[in-house]
Amino acid sequence: CEGSISGNDCENTVSIELNEGANLVSFSVLPLDSSVENVLSSLGDTIIGLAGEGEATLNTDNGWVGSLTTISYENGYWVLVNAASTLNITGSSIQPDQLYALHTGNNLISYSLTDCGDIGDVLPDAVEDCLYAIAGEGVATMSTDIGWVGSLTSLCANEGYWFVNQCDDIEFTFDEPRRLGRQTSLN
């Protein structure tokens, strides 16, 4: 935002298209009140539940029930809806230098950068060496001696990912994706 030093002073809006059933998402924009009830309010009665890594909540006639009460920028989530719908959220954007902490095993995380990026470009080398595989909704890739192999080739905002870490606990931030240089033709 113009005139903002931290980038948190401006509000942005994001719309996430959801298919009927389970959707693996993350949240690049969150309101100050990031409670499950507040963030998912635009879904009305179509929202059935939300699950994160080791926590979940259900939307019942008596309100939200479960251990998941607050949504975080750095996490990925399974959103379960009973009909195709659009989730609209207004709030502050995730910072591109969001710190991620991976433990050994499966980690459900977000992607912090605005532009999609090839997996080999956005992962720091030390982190890439520790990852066995990455899975998204209906796509996956595995690290091999010849590089990443599979249907998942890039990471994008508002999508959730399972990172399979083979190393001890590690922390990292995503690297900015490389961009192709612009060509200008001169007459």
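## Ground rules

Buried means under 20% relative accessible area, exposed means over 50%, and partly exposed is whatever falls in between (1.4 Å probe, protein chains only). This is a predicted model, where local features need pLDDT of at least 70, side-chain atom pairs count only at pLDDT 80 or more, and totals for chains, interfaces and linings use all residues. Residues are numbered from 1 along each chain as its sequence is written, and side-chain values use heavy atoms, with hydrogens and water left out.

## C116, out on a loop

C116 sits in the loop between strand 10 (105-109) and strand 11 (117-118); strands here are DSSP runs (E, at least two residues), numbered from the N terminus. C116 counts as partly exposed because its relative accessibility is 44%.

Skip the residues up to four places away in sequence, and C116 touches Y111, L155, C156 and P177; contact means heavy atoms within 4.5 Å. D168 is 52 residues from C116 along the chain, with 27 Å between their C-alpha atoms.

## V65 and L58

Now over to V65, which belongs to strand 6 (residues 63-66). With a relative accessible area of 48%, V65 is partly exposed. Leaving aside neighbours within four places in sequence, V65 is in contact with A56, T57, L58 and T60. From V65 to F163 it's 98 residues in sequence and 27 Å in space, C-alpha to C-alpha.

One of those V65 contacts, L58, has its place in strand 5 (residues 55-60). L58 is partly exposed too, at 48% relative accessibility.

Methods
Helix = DSSP H or I, 4+ residues; strand = E, 2+ residues; numbered from the N terminus.
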